[in-house]
Amino acid sequence: MTNIAKPTHEKQPRAGQSRSGVIALLIPLVLLALLEGGLRLAGYGDELKLAYQVEENGQKWRQINPQVSRRYFGAHPEFARSAEEMRIPVNKPENGLRIICLGGSSMAGFPYNYNAAMPGILYTYLKQLFPKRNIEVVNLGIAAVNSFAVRDLMSDVLELQPDALLIYAGHNEFYGALGVGSGFSLGNQRGLINLSLRLQRFRTYYLLQQGVFWALRRIRGEADIADTDAVPVMQRMAAQQKIPLDSDLVRRAGENLRRNLGEAVEEARAAGIPVLLGTLVSNLKDHPPFIAESSRQLTAEQQQAWQEAFLAGKSALAEGQPEQALRFWQTAVKIDSSRADVLFALGR
């Protein structure tokens, strides 16, 4: 058997070339690090912090940032509603009881003052029950946000050393910021939304994101929020005004709520912090549906029969004949059970 020697003239990578390649890779990283550090030194993006430390008369405090909600309003951070501005001591008193409350406008207390909000009422009761304890009830409720905000804030909340958390959220999964039907959204992929919220802690990413949003607004010709104050808040929030009950958007909203709250609770439990979840309540007795449309394909004859039964029921009720109205509306439901207006009438 003949041994064939390998040619000795094959090119071998030089040490200098390897170093040049490493340097070429490191240059962009160094530039990004310098940009990130410069933005932090300049204070850019500080409005995204949940709390920052201040000192007064030798006492160190954690000041809650009222502008933290700007994280969740995408291209229109100036539209964000403020959190309650308050401070808590960095060193929690030995006899202290610190409860942090998370949620949307119901938790924030909108449109009532502090004493009528859930955290204010809770504080009053706890002070009566434990007069010798140093009670702190921190209201982190923010109007127009949903479970994405609860999940995103959790790591920052745990740094405040709570003894317990109270979460009341779920009303804003459709039209709150980042909701499935909201005009203030980062898309409908839950994983990407949560990833984007995490990356916002990097000032470079936040700068890039705001630059992209600014460019898109100019390309689309969207007006600034200040130019459209006459438009009601919820009207601007609602991009998908018609959401059928059996739609994918409804299923996605429920999944977002379940998984976001589930992950937030698990993170708190891993830190040894008990969590109380409030059951949502809602009284819509006197609020007729804004929009009522059929989610079924009806023939022209079925549509006419439904309309006649529905209007006959309204006439019967106006004439003081509720039992007859009930029969007409039950007939309408047999034709089409997806219309919110007839179901509301039956409920009444």
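Biologist: Why does Leu178 count as buried?

Modeller: In this predicted model, Leu178 has a relative accessibility of 2%. Buried means under 20% relative accessible area, so Leu178 counts as buried.

Biologist: Where does Leu178 lie, and what is its phi?

Modeller: Leu178 lies in the loop between β6 (164-168) and α5 (190-199). Its phi is positive, at about 75 degrees, although Leu178 is not a glycine.

Biologist: What makes Ala144 buried?

Modeller: The relative accessible area of Ala144 is 15%. The cut-off for buried is under 20%, and therefore Ala144 is buried. This residue lies in the loop between β5 (134-141) and α4 (147-158). The phi of Ala144 is near 70 degrees, a positive value in a residue other than glycine.

Biologist: How do you know that β1 and β2 pair, and in which sense?

Modeller: Strand β1 (residues 51-56) and strand β2 (residues 59-64) are joined over six bridges in the antiparallel sense. Pairing requires at least two bridges between the strands, so β1 and β2 pair. Glu56, for instance, has Gln59 in β2 as its bridge partner.

Biologist: Which residue takes a positive phi in the hairpin of β1 and β2?

Modeller: Asn57 does, with a phi near 55 degrees. The hairpin has two residues between the strands.

Biologist: Why are β2 and β3 said to pair?

Modeller: Three bridges link β2 to strand β3 (residues 87-89) in the antiparallel sense. Since at least two bridges are required, β2 and β3 therefore pair. Among the residues involved is Gln63, whose bridge partner in β3 is Arg87.

Technical notes. Residues are numbered from 1 along each chain as its sequence is written. This is a predicted model: local features need pLDDT of at least 70, side-chain atom pairs count only at pLDDT 80 or more; totals for chains, interfaces and linings use all residues. Side-chain values use heavy atoms; hydrogens and water are left out. Helices (H or I, at least four residues) and strands (E, at least two) are DSSP runs, numbered from the N terminus. Buried means under 20% relative accessible area, exposed over 50%, partly exposed in between (1.4 Å probe, protein chains only).
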